[in-house]
Amino acid sequence: MSDNSRMDAFRACVGGFAFGGDYNPEQWDRSVWDEDVALMRRAGVNLVTLGVFAWASLEPEPGRFTFDWMDEVIDLLHANGVSVDLATPTAAPPVWLTDGHPEVHPVMEDGETFGFGNRLHFDPTSPRYREHAARITTALAERYAHHPAVVMWHISNEYGPVPYTPQSAIAFRAWLRRRYGTLAALNDAWYTRFWSQVYTSWDQVNPPEIPRSWSNPTRRLDYKRFVSDALLECFVMERDIVRAHRDDVPILTNFMRFYRHADYWRWAAEEDAAALDIYPDPGHADSHVSAALNFDLMRSLRGEPWLLMEQAASGVSQWRVNNVKRPGQLRLGSYQAIAHGADSVLFFQWRAGRGGHERFHSAMLPHSGTASRTWREVEALGRELPAIAEAVGTVSHAEIAVLFDWNAWWGLTETHGLPRNDFDYPAVVTDHYRPLLQAHHAVDMVNFASDLSGYRVVVVPNAYLVDDRFVEELTRFVHGGGTLVCSFFSGVVDADNQVRQPAYPGAFRELVGCYVDEYWPAREGETFDVAFADGTTTRADFWQDSIHPETATVLASYTSGLLAGRPAVLDNAVGAGRVRYVGTRLAPEALRDLLVAAVADAGVTPLVAGAPPHVEVARRHSPDGPHAYLFLLNHSETETARVAVPADGLDLLAGAPTGGTVALGPLGVAVVRTG
Ligand code: GLA
């Protein structure tokens with residue numbers, strides 16, 4: 001089916017979409033386990049993630065392992081047809097490790113030691129931490145690698161944190177030596193003659209001590225890159241231990257929504273599948289949009305199906321107010337992940353805990369047990385999912401790509417000293433993504449290393465920092481007939497965070513067809529009137545590029561403010577392609593119209609015609625078979641929607657032909673097979 005044989009083997013073992021969640025039997029008496037497996041069978045659970053934070057229960061003293069309970073629970077699960085995603089427990093070091101070796105604790109950005117009592121209280125650069133993580137991983141792999149229930153390995157959990165310790169300084173220097181080779185190259189890249197920061201010995205180079213004052217922006221940027229790599233080294237170390245014992249099952253870890261400390265493009269390349277934990281806030285009507293973006297990102301990281309590793313059955317417990325999911329929202333969010341390429345619906349967690357910080361986090365099996373709405377919805381979903389089992393492993397195709405690159409993110413938000421220092425990169429990208437989602441387009445996310453040749457439209461939101469390779473790829477893409485939509489303050493600096501000369505927008509001057517002599521952040525509350533050449537008017541705020549067209553034509557100009565009469569939006573023909581450049585932050589409706597027009601002009605058609613914006617649409621198709629699967633998701637809690645679909649469509653959940661139209665109730669879902 002695909003060239004990922006480990007994931008193919010996993011799908012074959014699980015037999016359809018994986019359904020289940022984190023299971024923490026170490027928190028419960030043995031007598032509860034029998035009820036657990038009986039209810040898992042009832043709900044159609046076929047996979048649980050075991051042992052995520054169980055280090056203290058598996059190794060209560062250094063080198064003394066207590067595997068009896070784990071042996072018993074894995075056998076019990078296996079006997080009941082439930083497969084295991086076995087976790088290494090290294091996200092929660094036991095107290096004997098941190099008390100015995102205090103250097104395992106990370107020192108955080110503010111200089112405070114991250115003490116015992118939470119989780120993730122480890123410095124990823126600590127040799128002692130790595131030694132102990134390797135020992136427990138080896139012991140687990142030796143014991144369970146060939147257990148028939150174990151079909152996947154889950155390394156640690158949601159990797160973090162960011163250390164500022166003496167040992168992280170040593171590791172940072174080694175990383176910098178690999179990157180730059182010589183101190184002279186580092187001094188050049190970091191522009192250290194500014195403020196007399198020239199280094200004359202490697203020992204002088206330290207992590208940026210952020211809270212104390214401003215610091216060198218390239219040093220900060222490199223520290224972000226380094227920390228991502230240092231965390232990844234921990235993953236790779238454990239992965240390789242498991243791999244040495246078992247080579248044919250997937251090994252991965254779980255990612256987080258918009259996590260700024262790890263470059264997931266680099267990470268996903270080291271894993272057998274991307275996997276995501278997602279907790280859209282049921283109290284926010286828009287939260288499904290950023291969920292969709294994160295799902296598309298997961299699919300794009302490897303261009304393959306991915307795993308929904310955790311979601312909440314209802315409310316979480318970590319926010320100020322933790323709203324419940326409305327009836328139907330659990331089902332809707334689960335199909336939404338599948339629509340964007342997930343091959344699993346997994347939850348944190350199976351059974352709600354009695355104690356601990358997350359005692360009020362929802363679970364598949366709530367405190368109130370089976371006499372609960374949530375359980376009924378979980379059970380119904382587990383029974384329904386086999387109806388679409390044929391769609392597992394299917395892929396997606398998009399003609400539109402949106403840039404989501406961690407270096408672009410770090411440059412814009414983590415290095416300070418910009419004309420304005422309040423950019424929110426995930427929000428900026430989401431603002432460019434939302435109109436495309438709501439216009440029912442399929443969208444991939446790309447990074448600086450991506451091949452753009454398969455796309456018709458590439459959207460580059462506020463990419464202040466871009467590397468040379470991406471500039472070349474984007475230039476080739478546009479010259480070859482592609483459409484680029486690029487927003488203000490893009491192309492400004494190189495990968496070393498140094499301003500590209502001789503004029504803004506540096507890397508994109510030829511593509512955009514203008515130069516910008518100054519960047520003008522808006523005053524607090526300031527807005528600008530904008531008029532398009534076709535007579536439509538709108539507003540803008542936040543920022544103005546002071547644009548001087550060279551080869552571009554003006555699509556819209558300011559009609560108020562100091563830049564009245566000057567260009568706000570440009571259109572430039574380049575080779576066989578074209579570029580729309582947006583030099584300000586347009587009102588959302590104006591940005592929407594511009595994006596939708598740009599993709600229509602580029603010949604991209606939506607997945608369905610005429611559906612309202614609150615109905616989300618995504619499509620998966622078999623890589624080599626005849627079928628496509630159209631997912632229709634109604635995010636309105638009050639409105640019903642009717643959507644036209646191909647006449648030959650079969651509604652798999654209803655088990656009936658569509659006759660060309662699908663009616664979706666509030667929060668309703670349909671999965672339509674065509675072809
Ligand atoms: C994360 C973690 C889980 C749990 C949930 C709570 O995803 O991996 O252990 O803490 O958050 O929402």
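Predicted model: local features only at pLDDT ≥ 70, side-chain atom pairs only at ≥ 80, totals over all residues.
Residues are numbered from 1 along each chain as its sequence is written, and side-chain values use heavy atoms, with hydrogens and water left out.

**Exercise 1.** Work out which residues surround the ligand and which polar side-chain atoms lie by its oxygen atoms.

*Step 1.* Sort the shell by class: Ala, Val, Leu, Ile, Met, Phe, Trp, Tyr, Cys and Pro are nonpolar, Asp, Glu, Lys and Arg are charged, and the others, Gly among them, are polar. That gives five charged, three polar and three nonpolar residues.

*Step 2.* Look at the distances to oxygen atoms of the ligand. A polar side-chain atom of Glu158 is 2.6 Å from one, one of Gln318 is at 3.1 Å, and a side-chain N or O atom of Tyr279 is at 3.5 Å.

*Step 3.* Check the cover: of the 310 Å² that the ligand exposes when taken alone, the protein buries 97% (Shrake-Rupley method, 1.4 Å probe).

**Exercise 2.** Trace the sheet that contains strand E21, and describe its pairing with E22.

*Step 1.* Strands here are DSSP runs (E, at least two residues), numbered from the N terminus, and two of them pair if DSSP finds at least two bridges between them.

*Step 2.* Write down the order: E21-E22-E27-E24-E25, an open sheet of five strands with antiparallel pairing. The edges are E21 (615-621) and E25 (656-657), each pairing on one side only.

*Step 3.* Zoom in on the hairpin of E21 and E22, which has six residues between the strands. Seven antiparallel bridges join E21 to E22 (residues 628-634); Val617 stands opposite Leu632, and Ala618 opposite Phe631.

**Exercise 3.** Describe the surroundings of Asp571.

*Step 1.* Locate Asp571 in strand E18 (residues 567-574). Its relative accessible area is 9%, so Asp571 is buried.

*Step 2.* List the contacts (heavy atoms within 4.5 Å), not counting residues up to four places away in sequence: Ala552, Thr553, Leu555, Arg578, Val579 and Arg580.

Definitions and conventions:
Helix = DSSP H or I, 4+ residues; strand = E, 2+ residues; numbered from the N terminus. Polar contact = N/O pair within 3.5 Å; in protein donor to acceptor, adjacent residues only side chain to side chain. Buried < 20%, exposed > 50% of the residue type's maximum accessible area, 1.4 Å probe, protein only.
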